[in-house]
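Have the viewer open as you read.

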Amino acid sequence: MSKEPDRLFAQPLPQVPDFAFNEDVVRVFPDMIKRSVPGYPTIVENLGVLAAQFAQPGSVLYDLGSSLGAVTQALRRHVRTDGCRVIAVDNSAAMVERCREYLNGQDSMFQELLPVQVIEGDILALQFQPASVVALNFTLQFIAPEERLALLGRIRQALLPGGALILSEKLRFNDAEEHALLTDLHVAFKRANGYSELEIAQKRSAIENVMKPDSLEEHRERLLAAGFSKVVPWFQCLNFASLIALP
Ligand SMILES: Nc1ncnc2c1ncn2[C@@H]1O[C@H](C[S@+](CC[C@H]([NH3+])C(=O)[O-])CC(=O)[O-])[C@@H](O)[C@H]1O
Ligand SMILES: O=C(O)C(=O)Cc1ccccc1
């Protein structure tokens, strides 16, 4: 993994462009996501542990919005179920190219890993195969809000009995005081990880048009509307959470 530190927003920008998963972001992404998302390493590793409980023989495990394949690598560290394979999908060419390199690295270090296919494509246009595990790890928040319900419906239709969707997201809170407190604490987390006030402010304006978090209540209602039978939060650190949704 690249160890390049994230300084993308360290210098004052005359105009902060909308955040995009381009080559500049790819170069610093492992550092950026670890210093920006409280609980990220814990979520990724445990996603593998959870997936091993839901994986059904001969099925597909999807990593949707795979970025550099951190979730795919965790799935391959933990899941040993017969005949499973991983399909990782991302629409950023820069992410996909680097993801394939990292997965080749994992292949050369370990034996008997699940086979993996990395697809450069839009998850909204994906034809799902019967799946036992679908991971949306901080991806749904980048999907246009009006597309989210239909996407979750297609995932629900593809899920096999005994399988699960694991959905991790930044949360908004309907209670203004709770929202302000957890947002302030997230800023404190970023500061403690070495980001300056300028970096925090410029990153905030870069993501505000492209990343639209929902509340836990909105997630739960939409998942139930998409046909899921049960929604179980399994992790929350400040304003970042991960849910298990059962078919
Ligand atoms: N329509 C789309 N189709 C495919 N990919 C998309 C789409 N929209 C956005 N993406 C991709 O979703 C990913 C979101 S990052 C996921 C982190 C990863 N899961 C991780 O666990 O490390 C989250 C973050 O950076 O906060 C990016 O790689 C986008 O290119
Ligand atoms: O940095 C933030 O404030 C976030 O909400 C998380 C994030 C992490 C990586 C890319 C975009 C957003």
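What follows covers the ligand shell, then two residues in turn.

This is a predicted model, where local features need pLDDT of at least 70, side-chain atom pairs count only at pLDDT 80 or more, and totals for chains, interfaces and linings use all residues. Residues are numbered from 1 along each chain as its sequence is written, while chains are lettered from A and ligands numbered from 1 in the order in which they are written.

Start with ligand 2. Around it sit Phe19, Met32, Ile33, Ser36, Val37, Lys170, Lys203, Ile207 and Met211 (near means a C-beta atom, placed from the backbone, within 6 Å of the molecule). Helices α1 (23–36) and α7 (197–207) each put in at least two shell residues, and α1 gives the most, with three. Helices here are DSSP runs of H or I, at least four residues, and strands are runs of E, at least two, numbered from the N terminus.

Now for Ser66 and Gln73. Gln73 belongs to helix α3 (residues 70–78), and Ser66 lies in the loop between β1 (60–64) and α3. A residue counts as buried if 20 or more other C-beta atoms, placed from the backbone, lie within 10 Å of its own.

| Residue | Other C-beta atoms within 10 Å | Class |
|---|---|---|
| Gln73 | 26 | buried |
| Ser66 | 28 | buried |

Gln73 and Cys99 are 26 residues apart along the chain, with their C-alpha atoms separated by 10.0 Å. For Ser66 and Phe110, the gap is 44 residues in sequence and 20 Å in space, C-alpha to C-alpha.

Note on methods:
Buried ≥ 20, exposed ≤ 12 C-beta atoms within 10 Å, placed from the backbone.
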